Amino acid sequence: MKAEGIDVIAFAVGEPDFNTPEPIIEAAIQALHEGFTKYTPSAGTPKLKEAIAGKLLRENGLAYKPEQVVVSCGAKHSVYNTMQVLVDPGDEVILIAPYWMTYADQIRLAGGVPVVISTTGESGFVPTYDQLKEAISPRTKAILINSPSNPTGGILPRETLKEIAALAIRHDFWIVADEIYEHLIYGGAKVPSIAGLSNEVFERTITINGCSKSYAMTGWRIGYAAAPLPVAKAMSNLQDQVTSNPTSFAQRGAIAAFSLDPSVVEKMRAEFEARRDLIVGLIRQIPGLTIPEPKGAFYAFPNVSAYLGGSLATDEDLATYLLTEAKVATVPGSVFEGPGHLRMSYATSREDIEKGMARIADALGRLPA
């Protein structure tokens, strides 16, 4: 539609709208000029792995050695590697819905079976202990958690992380913790790394992160996993036969990212928080829409059930209606196993947020009661 010249406001894209910080760009340019354009070790350069290990210790209190770090082509690639080396056909992996849709497909690609726990906005999209316990079976191989969450912006409180950890120890399964949005948290919320709860938890956790969200480096494709050494070696061996190394000069940029002045990331985080406050306030002004306050990431996930029924039976129908009638792109919540919701990314300008929400309010106001 944009290619046809139609003015579409996009609340659909899950990537920062800021440009990559200049020191990162300069580091990559310097690497290019120096001829750093050849193959590197498949799991990443020693210097980058050292930088990641330093970051994990400094910011997360996690004492990984560089050889326990595997650098991949984005955090998505790291999740894929993890599922491939941990999951055998028929193994079950627990997911907390709503969840990023790729998780379920990557579990299936490994021959595994997603076991889904459903949550609601009323609980802040946090599962209960009973739900967690009931999802476990003799075939449970892992639980995959994402906090802050795509698509909800929800955060798993420390108490819930402790419950997950205790169950993993008792029933002997892995914890896969996708922490890609860790720096994008609001209102003073705290997001501890589950691997830091105890040495016993550390030894059964794969910590996944990357440069995409915190440093506005989505196109650079640098993610990483930190894991117990046997798992890290298996992931490295797998990657060696699939993609080989992440892009050489992008790795140089990532080293610069991990040494950035924290104020650079804080400036982006503060702007996202202001946008969150703006979009949540505008959502709550529309009759019938409800939303718990997102505590992290850059997504609003309002409940739109009040507008479903009749010709607009599903959230997919509503998303199509808003695209065609309001020229606003959203993502149906059912994509994330969160039916009756829409995901709205506020990784866009305040002006577009105001304009887009005004269009949505007008389009919803035209629907028959």
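Both faces of strand β3 are covered, with Glu92, Ile94 and Ile96 buried on one side and Val93, Leu95 and Ala97 buried on the other. Here buried means under 20% relative accessible area, exposed means over 50%, and partly exposed lies in between, with a 1.4 Å probe and protein chains only. The model is predicted: local features need pLDDT of at least 70, side-chain atom pairs count only at pLDDT 80 or more, and totals for chains, interfaces and linings use all residues. Residues are numbered from 1 along each chain as its sequence is written, and side-chain values use heavy atoms, leaving out hydrogens and water. Helices (H or I, at least four residues) and strands (E, at least two) are DSSP runs, numbered from the N terminus.

Strand β3 (residues 92-97) has six of its six residues buried, so it is largely enclosed by the rest of the structure. On one flank, β3 pairs with strand β4 (residues 113-118) in the parallel sense over six bridges; two strands pair if DSSP finds at least two bridges between them. Leucine 95 illustrates both pairings: its bridge partner in β4 is valine 116, and its bridge partner in β5 is leucine 144.

These strands belong to an open sheet of seven, ordered β2-β8-β7-β6-β5-β3-β4, with mixed pairing. β2 and β4 are the edge strands, each pairing on one side only. From one strand to the next, the twist averages 20°; angles run from 0 to 180 degrees between N-to-C directions, and axes are lines fitted to C-alpha atoms, for helices over the stretch in contact. At the β2 end, β2 and strand β8 (residues 223-226) pair in the antiparallel sense over four bridges, and valine 70 stands opposite alanine 225 in β8. Helix α8 (residues 229-242) packs on this sheet, touching β2, β6 (174-178), β7 (205-210) and β8, and its direction makes about 30° with that of β2; contact means heavy atoms within 4.5 Å.

Glycine 61 and glutamine 30 are 31 residues apart in sequence and 32 Å apart in space, C-alpha to C-alpha.

Turning to helix packing, the axes of α1 (residues 22-33) and α9 (residues 248-257) come within 8 Å and cross at roughly 145°. Pro23, Ile24, Ala27, Ala28, Ala31 and Leu32 in α1 meet Phe249, Arg252, Gly253, Ala256 and Ala257 in α9.

A second open sheet holds three strands in the order β9-β12-β11, with antiparallel pairing. Its edge strands are β9 (299-300) and β11 (331-332), each pairing on one side only. Two bridges join β11 to strand β12 (residues 342-345), where proline 332 stands opposite leucine 342. Helix α11 (residues 315-326) packs on this sheet, touching β11 and β12, with its direction at about 45° to that of β12.
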